[in-house]
Amino acid sequence: MSQSTESSYCRYRKGDMAALEELILTYSDPLVRFAYCYVGSAAVAEDLMEDAMADVLIKGKHFADEAHFKAYLFKAVRHRCINYLRRHRNYIPLEDVENVLGAGNMEDDTIVAQRNRAVYACMQALPEQYRQVLTLSYFEGFSPEEVGVIMSRNKKQVYNLLARAKIALRKLLEKVGISHEDL
């Protein structure tokens, strides 16, 4: 557990606005990337993240530790995304992939950039549940129990989804010519 994040949230609850900035810097990028996987638009993902984070921070709930706070934030963003998609039933095409992924210097290395775009396109081609479970488990580092809480699934269902998602992603990557060694 990161002591600085936990103390930042505690300090924020006591009225320290510098702690609010620390919380936003810590969680904004992963939350935007997660929301982007849902909605496909960087601008909408940022708006949804801001709304969800504002709601969570305004409520001032007490969390046992950083993991609970982080899981609650991701769940709030997930619910915002689902509500947004219900209201806007159309699919938004992929845009600004490099900007959302936050890869610093990819312009110089076109091979890496092409591979990353192909991997990202394969991730987007996966069913929504597979994309979510892979993002939460591997990119955000949540445990299966935490992923289960965020996705409203039990631990066994999360393991099954992960296994199926990895198989599906592997097949898609092989179709575009990316092997395990290339990653």
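Reader: Is Tyr36 buried or exposed?
Author: Tyr36 is buried, at a relative accessible area of 0%. Buried means under 20% relative accessible area, exposed over 50%, partly exposed in between (1.4 Å probe, protein chains only). This is a predicted model, where local features need pLDDT of at least 70, side-chain atom pairs count only at pLDDT 80 or more, and totals for chains, interfaces and linings use all residues. Residues are numbered from 1 along each chain as its sequence is written, and side-chain values use heavy atoms, with hydrogens and water left out.

Reader: How many aromatic pairs does a search of the whole structure find?
Author: Five. Rings of Phe, Tyr and Trp (its six-membered ring) pair if their centres lie within 6.5 Å; planes under 30 degrees apart count as stacked, over 60 as edge-to-face and the rest as tilted.

Reader: What about Phe34 and Phe74?
Author: Their ring centres are 5.3 Å apart and the planes meet at 65°, so this pair is edge-to-face. Phe34 is in helix H2 and Phe74 in helix H4, so the pair ties together parts 40 residues apart in sequence. Helices (H or I, at least four residues) are DSSP runs, numbered from the N terminus. Both Phe34 and Phe74 are buried.

Reader: And Tyr36 with Tyr120?
Author: The centres are 6.0 Å apart with planes at 35°, so that pair is tilted. Tyr36 sits in helix H2 and Tyr120 in helix H6, 84 residues apart. Tyr120 is buried, at 9% relative accessible area.

Reader: Which residues do ring pairs link into a cluster?
Author: Phe34, Tyr38, Phe74 and Phe142.

Methods:
Helices (H or I, at least four residues) and strands (E, at least two) are DSSP runs, numbered from the N terminus.
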